[in-house]
Amino acid sequence: MAVLEKDQVLHLAENAVGIALKKGAAEAEAYVYEGQATNVGIERGQITKSNRIIDRGVGIRVAVNKAVGFAYTNIIEDQSAVEDTVLKALSAARASKPDQDWNGLPEKKLYATAEKTYDRKILSLRSEGLVDIASSMLDAAVSVDKRVFPIEGGAGAAYLSSAIANSNGVAAFDRGTIMECSVAAVAKEKNRVTPVCFEFNAERTYSVDPAWVGKEAARLAVSALETKQIKTETTKLILTQFALQELLYFTLINAVKADNVQRNQSPFKGRIGEKVASENVTIYDDGLFPGGLRTWAFDGEGFPQQKTALIEKGILRGFLYDNYAAKKEGLTSTGNASRAGYLSTPSIEATNFHITSGNKTPDQLMNELDDGLIIYYLQGAHSSNPVSGEFSVVATPAWKIRKGEIAHATRGVMLAGNIFEVLKNVSVVAGNERKMGQLIAPWILVENVRVIGK
Amino acid sequence: MEDILANVNHVAVKFGAEYSETRAQKLYKTMLTLKEGRVEAAKQGIENGVALRVLVNGAWGFASVGSLDAETLTSAVSDACKMAKTASSRLKMPIKLAETKTVEDRVHIRPKKEPSTILMEDKINTALSVNKATLSYDKRVKSCTIDYLDLTGTNYFANSEGTRIKQDKLYVWSRVTATAESKGVFTFSREEIGSTAGYEVFDAEPPEVIGETAAKRAIEQLDAKPPKGGKSPVVLGPNVVGVFVHEAFGHLAEADLALSGGVLPNNLGKKIGSDLVTFYDDGTIDGAFGSFKYDDEGVPAQKTLLIKDGVVTGLMHNRETAQKFNAEPTGNARAEDFRVEPIIRMRNTFMAPRDHSLEELVEDVRSGYYFKSFRGGQANLDGTFQVGIQEGYEIVNGEIGEPVRNASISGNTLETLLKVDAVGKDFKLWPGRCGKGQTAFICDGGPHIRVKEVIVGGSA
């Protein structure tokens with residue numbers, strides 16, 4: 001099925017804004033979203049399914065007397081359904097309460113180009129091509145060892161576009177592609193089964209490496225078959241990107257969102273310019289990182305995405321803003337308004353949360369460890385305290401390192417601590433940067449973490 | 001609508017499908033987010049769409065479109081058949097489905113208070129009462145976020161075997177989170193309600209009580225200390241027991257995960273827990289957040305016994321896994337909406353009560369913890385579970401003592417079920433949302449229980 005063209009969706013957005021103003025909105029904004037995805041799925045060692053999902057809709061936000069209403073619909077071909085949605089947004093605003101901090105929708109701005117975010121080859125991928133990708137990943141996984149059992153995974157290609165228009169004259173369109181492949185595997189021997197080991201590769205352009213994904217998941221699963229218990233101690237850890245992504249999403253990323261700071265929900269309040277992490281830690285939110293999984297020309301309310309310094313050499317430099325939070329402090333947005341397609345109003349979210357790399361290779365980083373653990377997968381990071389940064393999670397499997405080498409796997413190890421202490425204890429940052437959801441980061445070495453063994 | 005769907009199934013069969021099902025949805029949502037009493041936005045949404053799923057040569061094809069138009073659906077189902085054929089090209093073990101009775105039914109929900117008839121203003125006022133109760137509890141409460149959702153509408157289901165179901169949908173859900181701060185200590189607390197009965201859920205759970213409960217916990221945690229990490233006996237409250245049953249056992253009893261290498265298939269009919277351990281997954285409890293009449297494969301929901309007196313008695317199935325295990329489908333196939341395929345999900349999962357009072361459970365513990373309320377939990381296929389705790393206390397010499405904060409418990413399911421040594425006589429179910437790629441509305445719960453030993457994650 002063809003995708004909606006730029007002119008079509010822009011017209012739809014501008015038309016909705018026009019109707020809203022005519023019906024009595026003081027301000028109006030329309031966000032049109034289209035997502036088309038094709039996937040091939042693996043279940044229990046074989047390709048069993050293929051699906052295609054087409055999702056389109058429009059979300060309309062209006063302000064009446066400083067009260068905000070929002071309505072959405074996925075019926076966009078029909079002018080009367082769009083009109084009805086405008087009326088629903090207006091009635092919601094009229095039923096709501098005025099917000100004295102509401103200072104209007106964003107103004108018109110110029111946009112930079114989002115680089116390496118669109119590839120026509122992904123757009124033309126069909127289930128046949130995805131079956132080939134998924135097969136080579138599966139074959140690679142089982143070729144590593146016959147005890148490997150890929151339990152689920154798949155390959156997918158998606159096209160996403162958004163158009164936004166508002167009553168301040170914003171009218172913008174952007175589109176992009178993403179393709180990915182992933183596999184979750186266990187290794188089985190007699191009555192033993194390992195914890196799930198997962199690997200994936202997601203890119204904005206046609207450049208995933210399914211064979212690497214399959215081999216790596218299988219390698220980790222097999223190496224988790226033989227486990228030994230470890231003792232309770234305070235030790236050094238290498239956190240891989242999987243562990244970092246889980247821990248940071250539920251803690252640090254909340255602490256740098258301006259609305260949380262304004263609402264006294266962040267320990268970083270009032271601490272700009274202070275040292276909050278070891279000097280090895282530099283973090284940018286980079287909404288224009290070339291080829292980044294969250295790279296777009298503009299954010300969920302039409303504000304240009306940008307590169308924002310958050311922590312430089314351990315010094316807290318800034319926070320993430322949307323238009324509302326920025327205007328509340330007399331600042332400008334950092335382009336961090338995020339939306340769940342057409343279904344939601346904007347809220348503050350990181351784009352590409354980029355921990356900048358050092359120059360050590362993974363092997364050199366391992367060599368720094370006389371005794372410690374390397375952590376891949378965490379269970380329960382979402383149960384962290386999102387305000388204080390305290391976490392109490394399970395790492396399973398994890399691997400013990402002795403004298404710079406993997407000694408053995410272990411399972412069910414608990415890690416407990418506080419993310420803000422962890423940041424102060426980062427002693428080395430490696431150079432093996434990779435993209436994972438909203439994180440772009442290398443492995444990091446952390447000292448003094450409490451580990452609870454069995 | 002039903003005729004259009006039935007016709008699409010005919011088309012699929014003509015294209016070579018051995019089985020075809022169509023699921024249409026007309027849904028209305030109202031949502032609110034309030035922060036410190038400020039209404040961020042009052043929101044309303046309409047979602048109409050159709051999910052088409054076909055089995056061709058033993059592989060699944062699935063298409064989702066946001067349209068109820070007959071022509072669009074016919075073209076989408078032909079795509080789905082082609083995709084299924086492509087997916088089947090490397091198939092070693094074709095998928096087959098267990099047989100079920102065909103059903104023709106119309107399911108009405110008749111709430112006392114239909115959410116779509118309650119004015120937006122009234123919903124905002126209810127949320128404002130929660131907000132007021134939270135923020136006015138103590139001046140150290142710094143923030144209060146309230147989310148509200150109601151969903152109403154109709155689901156239509158038809159398959160190529162002749163089943164036709166038109167089923168009303170209704171959910172009311174709300175969550176309040178409160179944070180407190182004092183002398184650089186930050187705490188966080190959450191309360192949630194959810195129902196399939198109607199807006200009358202707020203009569204049973206008054207807004208003031210919800211707010212006060214969240215605020216009280218956040219304040220109490222300000223003076224709490226971190227627990228000591230390591231093995232310890234614990235008494236778990238119904239709220240934590242529910243999540244333990246759901247995470248540590250429930251996911252392993254989902255037949256798709258069981259087939260993927262989980263530890264339960266080898267233990268069917270075997271004793272894996274103490275005599276006191278009996279678990280159910282029940283989709284038939286009136287008004288509970290995880291209840292429904294038919295699942296998204298048209299199979300009636302039922303009360304499924306998972307483990308009885310420590311012996312594994314059954315798994316939760318869809319039609320595909322039921323066929324593999326030569327079992328009956330249990331009505332656990334659920335899809336979040338028309339955008340996704342149905343997968344095996346829990347409904348209302350709980351532990352059956354026995355005979356102890358809370359005092360009796362606590363009095364024999366010399367040194368341990370009482371964990372009353374959870375914050376998140378997660379399980380792994382090998383049986384490793386983790387449950388985060390948002391409200392916990394020390395137990396010292398048989399008495400509940402000082403609060404502890406940011407604890408979690410972990411262990412291995414098969415080892416831990418054997419260590420359940422006393423079970424309470426009380427019982428409570430809690431609404432929740434479970435993530436397995438898709439979000440499902442569920443309940444979990446049980447009585448208070450005592451476990452001889454789990455690993456407590458603590459930084460002290």
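Start by selecting Leu91(B), in the loop between helix 2 and strand 4 (104-107) of chain B. Helices (H or I, at least four residues) and strands (E, at least two) are DSSP runs, numbered from the N terminus. This is a predicted model, in which local features need pLDDT of at least 70 and side-chain atom pairs count only at pLDDT 80 or more, while totals for chains, interfaces and linings use all residues. Residues are numbered from 1 along each chain as its sequence is written, and chains are lettered from A and ligands numbered from 1 in the order in which they are written.

**Stop 1: around Leu91(B)**

Is Leu91(B) buried, exposed or partly exposed? Leu91(B) is partly exposed, because 14 other C-beta atoms lie within 10 Å. Leu91(B) and Gly58(B) are 33 residues apart in sequence, and their C-alpha atoms are 7.9 Å apart in space. Leaving aside neighbours within four places in sequence, Leu91(B) is in contact with Gly58(B), Ala59(B) and, from the other chain, Gln46(A). Contact here means that the C-beta atoms of two residues, placed from the backbone, lie within 7 Å.

**Stop 2: where the chains meet**

Show both chains. The contact between them involves 72 residues of chain B and 72 residues of chain A. Colour strand 2 of chain B, which gives the most to the side of chain B that touches chain A, with 12 residues. By class, that side of chain B has 25 nonpolar, 31 polar and 16 charged residues. (Ala, Val, Leu, Ile, Met, Phe, Trp, Tyr, Cys and Pro count as nonpolar; Asp, Glu, Lys and Arg as charged; the others, Gly among them, as polar.)

**Stop 3**

Beyond four places in sequence, the contacts of Leu52(B) include Val8(B), Phe62(B), Leu73(B) and Val77(B).

**Stop 3: two crossing helices**

Next, select helix 1 (residues 2-14) and helix 2 (residues 70-87) of chain B. Their axes come within 9 Å and cross at roughly 35°. Axes are lines fitted to C-alpha atoms, for helices over the stretch in contact, and angles run from 0 to 180 degrees between N-to-C directions. The crossing of these helices is right-handed: the near helix is turned clockwise from the far one by less than a right angle. Show side chains on Ile4(B), Val8(B), Val11(B) and Ala12(B) of helix 1, then on Ala70(B), Leu73(B), Thr74(B), Val77(B) and Cys81(B) of helix 2; these make the contact. Eight are nonpolar, one is polar and none is charged.

**Stop 4: two domains in each chain**

Domain bounds come from an automatic or database domain assignment. Chain B has domain 1 (2-222) and domain 2 (230-457). Their C-alpha centres are 22 Å apart. The contact takes 35 residues from domain 1 of chain B and 28 residues from domain 2 of chain B. Strand 7 (185-195) is one of the elements that supply at least two residues of the domain 1 side. Strand 7 of chain B gives the largest share of that side, seven residues.

Switch to chain A, with domain 1 (6-223) and domain 2 (233-452). Here the C-alpha centres lie 23 Å apart. Domain 1 of chain A puts 40 residues into the contact, and domain 2 of chain A puts in 29 residues. The domain 1 side has 19 nonpolar, 11 polar and 10 charged residues.

**Stop 6**

Most residues other than glycine have a negative phi, and most peptide bonds are trans. Select Glu36(B), in the loop between strand 1 and strand 2 of chain B. Its phi is positive, about 50°. Asn264(A) has a positive phi too, near 60°. Asn264(A) sits in the loop between helix 8 (258-262) and strand 9 (283-286) of chain A. Finish at Thr396(A) and Pro397(A), joined by a cis peptide bond with omega near -10°. Pro397(A) is in the loop between strand 17 (390-395) and strand 18 (398-402) of chain A.

Definitions and conventions. A residue is buried if 20 or more other C-beta atoms lie within 10 Å of its own, exposed if 12 or fewer, and partly exposed in between; C-beta atoms are placed from the backbone.
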